[in-house]
Structures are given as structure tokens and as C-alpha cells.
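Please look over the sequence and the model below before reading on. The briefing that follows is grouped by topic.

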Amino acid sequence: MDFSLLELVPDAILIVERETGRIAYANAVAEGMFGYRRDELRDLAIEQLLPERFRERHQAHRSAYDAAPRARPMGLGVDLMGRRRDGGEFLAEISLAPLSAEGKAFTIAAVRDVSERKRIERSAMLYRQAREELRERDEFLSVASHELRTPVTALQLQMQMLNRVAERTADGLPDVVMHKLAALERQTRRVAQLVNELLDVSRMRLGRLDLRPESMDLSELVREAVGQLREELERTGSRVEVRCGGPARGTWDRMRIEQVLTNLLVNAVKFGEGKPVEVTVSSDGETARLAVADRGIGIPVEAQARIFGRFERAVSPQHFGGLGLGLFIVRQIVEAHGGSIRLESVPGRGSTFTVELPCRPPASEERT
Ligand code: ADP
């Protein structure tokens, strides 16, 4: 018989004598797949090419097949393992067909090593699953933050009304009530801030960060915002110093830039170990720079890039609260303005976040 075609196919081909179960012919691919030379494969019992635990079962399969031999294609979902000479195992798919030659009955088998394919299929499945879970998480975040927004806004309004009533009360309310009110207001603000972070992140994922740029002075914004936050910031023990060389004019979204500053400042005092925090603004007319520097715990080098990602944190939740969204939001806002953010930090010595913003919006730059 001429077997030259069988040398050209990509599968291992084995011809097995039905009566003895021994290999009568093996092609070159079979040599490579099982790690035996062809003369060693010849006359070898076919079960030798299977892991021991499968041999008995295979013999039973073989008897059943021999009783009713027929052409049977690969990939019928039967998981069979091949065994290499070195003991390595691989997942195999096998097609079978009966063959007679020189008055003897044989079975011809094409064997394919599908380990790699199965591995890829499994990774693809895991990847699809992970994507689906992420999508569900994002959808949940979006729905939850929208749902939370309404009662939080109502709570804030009630707080404002209560405060107005307290101010108007002729003899003033007892100190203890005033203290409780102030604490309530702080906590409400904190909840509102967390809900807004979640909302922002959901919006940003959908690419919906609408900027409302206006002509403004970054130095002025920084002085005002730090002034408003000073009391709350300094309650942590950190003194906040502002250094503005002069006006730093540009076209930016005021509320969003304020959000960038607030996030960086809140972090600086949160991780600042009560040491002074310095905010610097400068501009060369083309680019404005805002730097927030603290002398706190610092950030390990391995974490310095990833903390700008969603939900990424470099501290334990037992020691510091937070959702890990602030810096993600900061970077999205800065980049939406055509700017960039840079971090220099030495663990134990402190961190400096530097934001650079083009003074003109990217669109007007294109026109000039
Ligand atoms: P959160 O503060 O809610 O954890 P952020 O996105 O604002 O989220 O910050 C992410 C992480 O980056 C923080 O958990 C912290 O590990 C690290 N980080 C941010 N700012 C500082 C800072 N000034 N000093 C030290 N670590 C910081």
C-alpha cells in the first residue's frame, strides 16, 4: 500500500491491527507527537500511547468499536489524553475508520493534539465571562449612583434649611445641637461627594465628560477654593500653603478644575500625616502648572502608575477609607482638557502631583 499521502497530513496517523491492537504504521507527525521513533512505534500496543489510567477504558472502547467499525469524525466531545514518551500528557481528538488490507482488518486513526486550542478556548471563555461581569458591575454602579443621588440631594437641601433655621433662632441653639448639625453637614457632604464620584466614573466610562470651558484665572480659583476648604483641611492638622506667582489665565471648565484641586488636596491631607501641604500655581502663558505637594506617607514605586486607574489604591482599607476613584477622575478631567498629570513620590517622604494644562483649549490651538 502507498501511504505517501499520510505523510503529508498535519495529524498523527496510526494504523492499528484490530486483532492484536498493535501499531502497524505511524506517520512522521506521530513520531513528533508521541516522542517515539517510527521503528519503536511499530508493533507497540496502542494503549501504550495513553496515560495508564485510561488504558483499560480504551481497551473496552476498542472492543466496542471493533464489533461495529465505522468512520467516526473528530471532535465528538470525547476527552481523550495522549501520553508522550516523556510522560507528558495532551488532550487529543481522534477520528477513526476501518481499513482492510492483505486480508487483515485494521483501524486507521487520525490524532490531533488539541491542548493549545482547548487552552485558547478556555481563556476566551474566561475573558468573555470577565467582560460580562465587568459590564454588570458598571451597570450596577451607574444605576446605584443615580438612585442614591436623589435622596442625597434631598438630604443636602434639608441640611441647608436646618442651618438657616438655626441661624435665625434668636438665642441660638444649644452648642451640642450646633456641633451635631455641623457633624451631620460634614457627613452629608462626604456622602454626596462619594455618590458624585460614582456618578462621574459611570459617565466617564460612557465617554460623557462634557466640559464647559470659560476664560479664568487658575491662581484665583486656587486661592478661593483653598480658602473655602481651609478650615476642613486644617482640621486634619495639615497647614495648607498657597504659592501663586501671578495670574495663570486659561480656558478651562471651572467646576472640573476645582474638582481636580479638591481631590488632590483632600488626598494630600489624608495621606499627609498632619505635615504641611503646599499648593503652587505657575504659568508661562502657554501651559499652566498646578502642583500639590505633601510630606506624608508617599507612594510605593510599583503603585505610582496604577493608582490613576479605576478603583486602584495603594493603602489598606483598614487604615484609609476611599473608593480609589479620585485620581482616576482627576486624570480624566486633566486629559479631557488636553493636559497631563505627573507624580513624583518617595515612600515615607511625600508626594507631589503636578498638573499641566494648556492655556488655550486644544480646538483653538488647531485653528491657529
Ligand atoms: P482614594 O483616596 O479614595 O483611595 P484616589 O484615587 O484619590 O482614591 O487615590 C488612589 C490611591 O492613591 C490612594 O488609595 C492612595 O493609596 C494613593 N494616594 C493618592 N494620593 C496620595 C498622596 N498624596 N499620598 C500618598 N498616597 C496617595
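**Briefing: ligand site, domains and selected residues**

An oxygen atom of the ligand is placed 3.4 Å from a polar backbone atom of Val315. The protein covers 97% of the 530 Å² of accessible area that the ligand has on its own. The model is a predicted one, and its chain is divided into domain 1 (4–113), domain 2 (120–205) and domain 3 (213–367).

**Ligand surroundings**

- Two or more residues of the shell around the ligand come from each of the elements α7 (254–270), α8 (326–336) and β12 (350–358).
- There are 20 residues around the ligand, and those that come nearest are Asn267, Asp294, Arg313, Ala314 and Leu327.
- By residue class, the shell around the ligand is made up of ten nonpolar, six polar and four charged residues.

**Domain arrangement and distances along the chain**

- Taken over C-alpha atoms, the centres of domain 1 and domain 2 are separated by 65 Å.
- Met125 counts as partly exposed because its relative accessible area is 37%.

- Not counting residues up to four places away in sequence, Val269 touches Leu233, Thr236, Ser238 and Val277.
- Val269 and Glu19 are 250 residues apart along the chain, and their C-alpha atoms are separated by 83 Å.

**The loop between β10 and α8**

- Arg310 lies in the loop between β10 and α8, where its relative accessibility of 19% is the reason why it counts as buried, given that the limit is under 20%.
- The side chains of Arg310 and Asp138 are joined by a polar contact of 3.2 Å.
- Leaving aside its neighbours within four places in sequence, Arg310 is in contact with a set of residues that includes Arg137, Asp138, Val201 and Arg205, together with Gly324, Leu325 and Phe328.
- Phe311 lies in the loop between β10 (287–293) and α8, and its relative accessible area of 29% makes it partly exposed.

**Positive phi values**

- Most residues other than glycine have a negative phi.
- Phe311 has a positive phi of about 65 degrees, although it is not a glycine.
- Glu102, likewise a residue other than glycine, has a positive phi that is near 50 degrees.
- Glu102 is found in the loop between β4 (89–101) and β5 (104–113), and it counts as exposed because its relative accessibility is 77%, which is over the 50% limit for that class.

**Glu241 in strand β7**

- Glu241 has its place in strand β7 (residues 240–244), and at 26% relative accessibility it counts as partly exposed.
- A polar contact of 3.1 Å joins the side chain of Glu241 to that of Arg243.
- Leaving aside its neighbours within four places in sequence, Glu241 is in contact with Val277, Glu278 and Val279.
- The C-alpha atoms of Glu241 and Arg203 are separated by 33 Å, the two residues being 38 residues apart along the chain.

Terms used. Residues numbered from 1 in each chain as written. Predicted model: local features only at pLDDT ≥ 70, side-chain atom pairs only at ≥ 80, totals over all residues. Heavy atoms only, no water. Domains from an automatic or database assignment. Near = heavy atom within 4 Å. Polar contact = N/O pair within 3.5 Å; in protein donor to acceptor, adjacent residues only side chain to side chain. Areas by Shrake-Rupley, 256 points an atom, 1.4 Å probe, with all protein chains shown as cover. Helix = DSSP H or I, 4+ residues; strand = E, 2+ residues; numbered from the N terminus. Nonpolar A, V, L, I, M, F, W, Y, C, P; charged D, E, K, R; others polar. Contact = heavy atoms within 4.5 Å. Buried < 20%, exposed > 50% of the residue type's maximum accessible area, 1.4 Å probe, protein only.
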